[in-house]
Amino acid sequence: MSTTIAFESREETERTQGSRSPGPHRGLAPFVVVQRTLQYILIVLLALFCLIPFAWLVLSAVDAHAGPTVQMPTLSLDNFVRFFTSADTPRLLVNSLIISVGATALNLALGMIGAYALSRFRFRGRTTFMFAILLVRVIPPPATIVALYLMLVQMHLDDSYLGLILVEAAASLPVTLWLLKGTVDAVPQDVEEAAWMDGCSRLGGMRRVIFPLMGPGLGAAAMLTFMSVWGDFLTPLVLLQSPDLYPLSIGLFRAFSAFNQVDWGVLAASAVIYMVPPAVLYMVLRKYLLKSSLGGALKG
Amino acid sequence: MTTLSVPSARKRRRLQRRGLLPLLLGPSVLLIALFVIAPAVYSLYLGFTNTQLTGFAARDPKFVGIDNYTYLLSSPDFLGSLGRTGVFVLFSAIIGQTVLGMLAALLLSRKWMRGKGLFGAAVLLPMVVPEVVASLAWASVLSPRADGTLNRLIDLLGAQPVAWLQAAPMVCIIVVNVWRGIAFAMIMFQAALEDVPEELIEASRIDGASARQVFTNVTLPLIRGPVFLYLLLTTITTVGVFGLVYFLTQGGPGSSTQLVSIYIFEHAFEYSQIGLGSAASVVLLVVLLVLGLTYVRLAKVEV
């Protein structure tokens, strides 16, 4: 996470510097102009490579007669209307929200109290535990999905919201614990002790002093967890069998694989609806990520 | 009144402490142990059994020793998928993402460049969207029809339309994965480049070094640690890539894009050979471990 943060702050500083420096081509040697133009061409090509694949999604989502390939759209919001009024597509969105919000809430609730314990208590095996949970994340998800599926079948948690929410919350918990431990570390012990002096219990101090000061860290953890659950494909594919429970990822895959009767317009519209929450969340929470890099508001 | 109550409150807290720790950390430990660590351990065990999802062996799984492993290591099918995963990681992660990510990071570190926010956002977008959306977007680009995006582009150059996912499936999934991973490389390298002292670069420029010489002799050695850390992380994530490829090709045509992740999925859930799938997972983990240790050795990072 710290890398993202460094990236953001770098951008900030350079934007302010850039506004003061003179324009790019004024009074430069011809050689430098050529060099800079080439570099502009390179970055434009790179940006185009990154953006062009989205052309079909965006154009087809607003096209009443969308096909599987790029074409000039006959502008209409019909596809979105059909997505929300159809019998089964709104269900996909609701399922995605239930699973992602449920898993994120559980993840943050456990992460907050767990991170507090990891930050404020000294006990044997603390460091070992911290590194063990980080190391386990090295295992690629496809390698453990088979065993996970069998275990959930034996616990009768397969093909249910609860099972998937527990699995997803657990999968992101190591990152949340690491991130939030850093956030709690940044709150000075004195502030908490002052609250104890004023008659707060340990739990009361946590609730009234620590948690309110965790904002930026919580935002970062929430974003990371939500995005990974929202985008996950493999886990719901394996754990869920009932179409009633499918999130958007699986619904899109099934709709796309039904080669004969694909409704391309609705498919593109669902994909756009599916990609908006993580994209918006990322843009909104960029600010919080920046703040959390400053190590909590209290240090200043 | 308050002075009297403080010591007693402290004592109460000390007593609470012992009970509080399991209460606070317990749920997290339980959830991670149950859904993250136990499956890893369980798949180690399953690899030594002939567990099936359906059929006779499903009711009565037996311990079969290293049978699964001897089968896998002599199966051209599995070794082929292992090789494809190797090629996929090498070309998409280690070469493609690293080179383009470094390029993006270097270009966006130019002080004179305008529109950095916009270019940065464009590079970030492929990483931010869910993998299913990424695959769907590329399905339209690689469409075999004459009006598929890529076929239209090569039509401008006068070439005939190509059924990309049939003609060059591995190249397709490598390009798609490069596209998705540039942003992560860029973010990692931007952070690393920021730590390179500017005076050092200016000094070598004054001494007459060319831009390329500065990069290979000054910048690169200084960011060696972060670069190897990035290579380690991207190798781990790329070995775990499943949805992006499965959505586009489902391992086909034939088994030409069957990575190990897809091999595991197919054998465990389509042929219901849970034991074999688990053994394949373990082989994958061992390969990953060897790769990881190699990087650590190469980077000379103290762990």
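Colleague: How is chain A divided into domains?

Modeller: In this predicted model, chain A is divided into domain 1, residues 15–80, and domain 2, residues 87–299.

Colleague: How many residues of the two domains are in contact?

Modeller: Ten residues of domain 1 of chain A are in contact with seven residues of domain 2 of chain A.

Colleague: Which elements supply the domain 1 side?

Modeller: Helix H3 (54–61) and helix H4 (78–85) of chain A each give two or more residues to the side that touches domain 2. H3(A) gives the most, with three residues.

Colleague: And what is that side made of, by class?

Modeller: The side of domain 1 of chain A that touches domain 2 has six nonpolar, three polar and one charged residues.

Colleague: Turning to the two chains, how many residues are in contact there?

Modeller: On chain A, 79 residues are in contact with 77 residues of chain B.

Colleague: What about the largest nonpolar core, how many residues has it?

Modeller: The largest nonpolar core has 159 residues, and those with the most contacts inside it are A:Ala170, A:Ala271, B:Val123, B:Ile182 and B:Ala280. H9(B) gives the most to this core, with 17 residues.

Colleague: Why does the core lie between the domains of chain A?

Modeller: Domain 1 (15–80) and domain 2 (87–299) of chain A both give residues to this core, so it lies between them.

Colleague: Which residues does B:Ile182 touch?

Modeller: Leaving aside residues up to four places away in sequence, B:Ile182 touches A:Cys50 in chain A, and B:Gln97, B:Leu100, B:Gly101, B:Ala104 and B:Val123 in chain B.

Colleague: Now chain B as a whole. How many helices and strands are there?

Modeller: Chain B has 15 helices and zero strands. Of its 303 residues, 40% count as buried.

Colleague: What is its radius of gyration?

Modeller: Chain B has 26 Å, whereas a compact globule of 303 residues would have a radius of gyration near 19 Å. The C-alpha trace of chain B spans about 80 × 70 × 35 Å along its principal axes.

Colleague: One helix to finish. Which residues of H12(B) are buried?

Modeller: They are B:Val227, B:Tyr230, B:Leu231, B:Leu232, B:Thr234, B:Thr235, B:Thr238 and B:Val239. What covers them includes helix H4 (76–107), helix H9 (169–194) and helix H15 (274–299) of chain B.

Colleague: How far does H12(B) reach?

Modeller: Helix H12 of chain B, residues 224–239, reaches 22 Å from its first C-alpha to its last, close to the 22 Å expected at 1.5 Å a residue.

How values were computed: Residues are numbered from 1 along each chain as its sequence is written. Chains are lettered from A and ligands numbered from 1 in the order in which they are written. This is a predicted model: local features need pLDDT of at least 70, side-chain atom pairs count only at pLDDT 80 or more; totals for chains, interfaces and linings use all residues. Helices (H or I, at least four residues) and strands (E, at least two) are DSSP runs, numbered from the N terminus. The radius of gyration is taken over C-alpha atoms; the globule rule is 2.2 Å times the number of residues to the power 0.38. A residue is buried if 20 or more other C-beta atoms lie within 10 Å of its own, exposed if 12 or fewer, and partly exposed in between; C-beta atoms are placed from the backbone. The expected span of a helix is 1.5 Å times one less than its number of residues. Domain bounds come from an automatic or database domain assignment. Ala, Val, Leu, Ile, Met, Phe, Trp, Tyr, Cys and Pro count as nonpolar, Asp, Glu, Lys and Arg as charged, and the others, Gly among them, as polar. A nonpolar core is a set of buried Ala, Val, Leu, Ile, Met, Phe, Trp, Tyr and Cys residues joined through C-beta atoms within 7 Å.
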